[in-house]
Amino acid sequence: MLFEGVLFFPVTPFGPDGELDEATLAKHVDRGITAGAGGVFVGCGTGEFHALSPAEIERCARVAATAAAGRVPVLAAAGGPLPVALDHVARLRGAGADGVLLFPPYLVNGSQKGILDYARAVTEAAGLPTVYYQRGNAVPTPSTAAELARLPHLVGLKDGVGNVELMHRTVRAVRRVAGDDFQFFNGLPTAEVTVPAYRGIGVPLYSSAVFAFAPEIALAFHRAIITGDTATVGALLDGFYHPLVELRDRAPGHAVSLIKAGLRLRGLDAGGVRPPLTDAAPEHVDRLAALIETGLRLAERS
């Protein structure tokens, strides 16, 4: 399972009753793939994994797999306590997911052996290509990452920490045992801001939350990055992405709530977020609307 292009992390739409809105999710996934996504990761961080039941993640995976219809790979989230993660992957197999993004139970301090044992148990049960998401307290050392890369079904590692020095050593350690087919992903919030640095250490793939509501901007940035158009990269970072990060940091949970607000601004109502997240304040939505207009103008010039 080799990825190219911009990776699409859909939101999880909720209806007025707070329940999963499958029809809107199907439309959201189809629009993203049609726009040019290189892969779909459903029910993950942007999709409020923390707020979904195993049954809801199964439904999200089934809807996304049906909407994708084989056009791009569809991965879905699994994780948390080991019995819950095993329940997740059993459901994902039946739902037609092509792979798994594994969220380990990062609110507890496990040993390096514990991280490896956890990943081994889940990947063996899943039998599907799996990407390990390192974040919180569940961060492997470079040597442990190399052992993870030896697991038969583990095909990638996504970084949600942002320690570039550690990540560089991890990339080198894994490459020595797994070669170039093992894939690394930049999974930091608003990943475009750190893409130049991560590409420099051998991590070209990244998740784009912006793609969920403004694929034109995300694709313009990606084209500029891969073609070496530093002027466009700089213009988009200065005019859109850096101000977006400043807006994102004004309130906890904005990394998700602003994405849903952006979707509403672009004509797809995915509902609000589930507690403990809160929806973006009206003045923040107004600021987001202005940023989207600026970003679209910059994208058109590229």
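This is a predicted model: local features need pLDDT of at least 70, side-chain atom pairs count only at pLDDT 80 or more; totals for chains, interfaces and linings use all residues.
Okay, T170 to start with: setting aside residues up to four places away in sequence, T170 touches P142, A145 and F184. Touching, or contact, means heavy atoms within 4.5 Å. T170 lies in helix α6, residues 164-178. A word on that label: helices (H or I, at least four residues) and strands (E, at least two) are DSSP runs, numbered from the N terminus. T170 has a relative accessible area of 1%, so it is buried. Buried is under 20% relative accessible area, exposed is over 50%, and partly exposed is in between, with a 1.4 Å probe and protein chains only.

Residues are numbered from 1 along each chain as its sequence is written, and side-chain values use heavy atoms, with hydrogens and water left out.

Now the whole chain. How many helices and strands does the protein chain have? Twelve helices and eight strands. Its C-alpha atoms fill a box of roughly 50 × 45 × 35 Å, taken along the principal axes. For 302 residues, a compact globule would have a radius of gyration near 19 Å, and the protein chain agrees with that, at 18 Å. That radius is taken over C-alpha atoms, and the globule rule is 2.2 Å times the number of residues to the power 0.38.

Of those 302 residues, 55% count as buried. If you take the contacts in the protein chain with a separation of 6 or more, 74% of them come from residues 24 or more positions apart.

Which residues have the most contacts inside the largest nonpolar core? They are F41, V210, F213, F221 and Y241, and that core has 105 residues. By nonpolar core I mean a set of buried Ala, Val, Leu, Ile, Met, Phe, Trp, Tyr and Cys residues joined through side-chain atoms within 4.5 Å. Have a look at Y241: beyond residues up to four places away in sequence, Y241 touches T190, E192, V193, V210, I217, A218, F221 and L236.

T190 sits in the loop between β7 (183-186) and α7 (195-200). Its phi is near 45°, a positive value in a residue other than glycine. Most residues other than glycine have a negative phi, and most peptide bonds are trans. T190 counts as buried because its relative accessibility is 11%.

A69 is another one with a positive phi, about 50°, although A69 is not a glycine. You'll find A69 in the loop between α2 (54-68) and β3 (74-79). Is A69 buried or exposed? At 60% relative accessibility, A69 counts as exposed. G70 is found in the loop between α2 and β3 as well, and with a relative accessible area of 72%, G70 is exposed. From G70 to V273 there are 203 residues along the chain, and their C-alpha atoms are separated by 29 Å.

On to the peptide bonds. Where is the cis one I want to show you? It joins P275 and P276, with omega about 15°. P276 lies in the loop between α11 (254-265) and α12 (282-301).

L265 lies in helix α11, and it is partly exposed, with a relative accessible area of 39%. Leaving out residues up to four places away in sequence, L265 touches V285, L288, A289 and I292.

Two more to finish. E147 lies in helix α5, residues 142-149, and is partly exposed, with a relative accessible area of 36%. E147 and V177 are 30 residues apart in sequence and 8.5 Å apart in space, C-alpha to C-alpha. D87, in helix α3 (residues 82-95), counts as partly exposed at 30% relative accessibility. D87 and F221 are 134 residues apart along the chain, and their C-alpha atoms are separated by 38 Å.
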